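This report describes one protein chain, going from single residues to the whole fold. The sequence and the model come next.

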Amino acid sequence: MKTILLFIAAFFLLYDANGQNPKEIGLESINIRTAESIIYFLSHDVLKGREAGTGENGIAREYIISQLMDMGIKPMEKEGYAQQFEAYRSVGARRYKTTTRTDTVPGYTNKLSLYNILATIEGEKTDEYIIAGAHYDHLGIGKVVDNDSIYNGADDNASGVSAVLQIAKAFALSGEKPKRTLVFAFWDGEEKGQLGSSFFVNHCKYPDKIKAYLNFDMIGRNNDESKPKHVVYLYTEAYPEFGENTRQNIQRYKLILEPEYKAWDKPVTGSDQVPFALKNIPILWYHTDGHPDYHKPGDHIDKINWQKLLNITKAAYLNTWFLANDF
Ligand SMILES: [Zn+2]
């Protein structure tokens with residue numbers, strides 16, 4: 001009898017009236033229509049390619065912040081969602097360096113005010129973090145190709161932003177406080193050399209408390225039209241459980257994906273996972289590979305593979321849940 005009562009109690013603790021557990025409530029909130037609306041806005045011509053330091057990049061930023069406010073997801077810092085920093089390039093230098101707003105830098109030719117967006121869902125442990133991030137800047141306006149000069153960046157990286165926003169919303173809707181604290185990050189200046197993510201990591205006072213970083217950069221295209229389920233799934237080699245978790249979730253939740261699993265000992269090129277990997281923070285990165293419109297004006301919304309984007313977002317939400325609660 002006692003066992004039965006315990007079982008019933010456990011059932012009501014774990015499941016709501018519809019028989020769903022919190023993880024699955026969050027999972028079911030992830031949908032194609034939301035991804036479409038986010039990518040439609042961010043990759044629209046009126047945003048002129050969201051180049052870091054431009055007014056249109058600022059519109060993209062305010063849009064992302066308004067989405068987070070609507071979900072009830074709080075800013076990470078008490079000053080607000082935006083983490084402001086500056087990037088400058090010295091005379092003759094190709095690469096930008098980043099600095100805080102108050103530092104003075106002599107001898108630069110080019111200086112930009114940039115902004116990361118940082119939001120959080122506090123966990124039971126407030127000193128252990130899982131971060132999910134995507135860059136929201138793109139290349140702006142550039143060389144004309146096929147009568148088009150706006151580099152819309154629907155795949156690069158409105159697709160990644162849509163995933164991080166949907167994962168944040170799914171956690172909020174699950175109604176369950178995660179064990180670890182979640183941070184949702186939207187990086188500025190990736191296209192100019194991973195400036196936002198580098199600034200964040202290099203000014204973070206607790207890199208050892210970041211237990212994992214999930215990166216999203218270009219997750220909406222087919223690099224081979226005959227393989228619409230293809231995605232590259234990169235992760236830090238020392239954590240085989242990152243690969244195992246994805247394999248199990250794909251099977252259990254019948255996700256329509258055929259990942260190429262790439263365990264990587266030092267994942268230090270390519271995108272915003274670099275500064276994290278350099279600090280030995282374990283990383284995971286979904287990426288649907290190169291395509292003919294990569295860094296071209298033709299990176300348009302009508303070429304997105306919505307089914308794949310949906311399934312990657314779901315898989316990554318399940319990874320995030322695992323990292324936050326069970327790892
Ligand atoms: Zn990118």
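In which strand is Lys74 found? Lys74 is found in strand β1, residues 74-75.

## Basis of the description

This is a predicted model, in which local features need pLDDT of at least 70 and side-chain atom pairs count only at pLDDT 80 or more, while totals for chains, interfaces and linings use all residues. Residues are numbered from 1 along each chain as its sequence is written.

Helices (H or I, at least four residues) and strands (E, at least two) are DSSP runs, numbered from the N terminus. A residue is buried if 20 or more other C-beta atoms lie within 10 Å of its own, exposed if 12 or fewer, and partly exposed in between, with C-beta atoms placed from the backbone.

## Lys74 and its surroundings

Lys74 counts as partly exposed because 14 other C-beta atoms lie within 10 Å. Leaving aside neighbours within four places in sequence, Lys74 is in contact with Ala119 and Thr120; contact requires C-beta atoms, placed from the backbone, to lie within 7 Å. Lys74 and Glu122 are separated by 48 residues in sequence and by 9.0 Å in space, C-alpha to C-alpha.

## The chain as a whole

The chain contains 9 helices and 12 strands. Its radius of gyration is 20 Å, close to the 20 Å that the globule rule gives for 327 residues, so the chain is as compact as a globular protein of that length. This radius is taken over C-alpha atoms, and the globule rule is 2.2 Å times the number of residues to the power 0.38. The C-alpha trace spans about 80 × 45 × 40 Å along its principal axes.

Of the 327 residues, 46% count as buried. Among contacts with a separation of 6 or more, 80% are between residues 24 or more positions apart.

## Helix α4

Helix α4 covers residues 55-71, and its 17 residues reach 25 Å from first C-alpha to last, close to the 24 Å expected at 1.5 Å a residue. The expected span is 1.5 Å times one less than the number of residues in the helix. The buried residues of α4 are Asn57, Ala60, Arg61, Ile64, Gln67 and Leu68. They cover an arc of only 120 degrees around the axis, which puts them on the same side of α4; the arc is that of the directions from the helix axis to the C-beta atoms. An α-helix has 3.6 residues a turn, so residues three or four places apart point the same way.

On the other side of α4, Gly55, Glu62, Ser66 and Asp70 are exposed. Gly72 follows the helix and has a positive phi, near 75 degrees.

Helix α5 (residues 154-174) has 21 residues and reaches 28 Å from its first C-alpha to its last, close to the expected 30 Å. Of these 21 residues, 19 are buried, so α5 is largely enclosed by the rest of the structure. Just after α5, Gly175 takes a positive phi of about 80 degrees.

The largest nonpolar core has 82 residues, of which Val161 and Val164 touch the most other members. Helix α9 (residues 306-325) gives the most to this core, with 11 residues. Such a core is a set of buried Ala, Val, Leu, Ile, Met, Phe, Trp, Tyr and Cys residues joined through C-beta atoms within 7 Å. Not counting residues up to four places away in sequence, Val164 touches Ala132, Gly133, Ala134, Phe184, Phe186 and Phe216.

Strand β12 (residues 283-287) is mostly covered, with 5 of its 5 residues buried. Ile283, Trp285 and His287 point one way from β12, and Leu284 and Tyr286 point the other way. In a regular strand the side chains alternate between the two faces of the sheet.

Strand β9 (residues 210-216) pairs with β12 in the parallel sense over 4 bridges, and Leu214 has Leu284 as its bridge partner. Strand β10 (residues 230-236) pairs with β12 in the antiparallel sense, also over 4 bridges, and Tyr235 stands opposite Leu284. Two strands pair if DSSP finds at least two bridges between them.

## The β2-β3 hairpin

Strands β2 (residues 82-90) and β3 (residues 97-99) run antiparallel and are joined by 3 bridges. Ala87 stands opposite Thr98 in β3. The two strands form a hairpin with 6 residues between them, and Gly92 in the turn has a positive phi of about 80 degrees.

Key
Contact = placed C-beta atoms within 7 Å.
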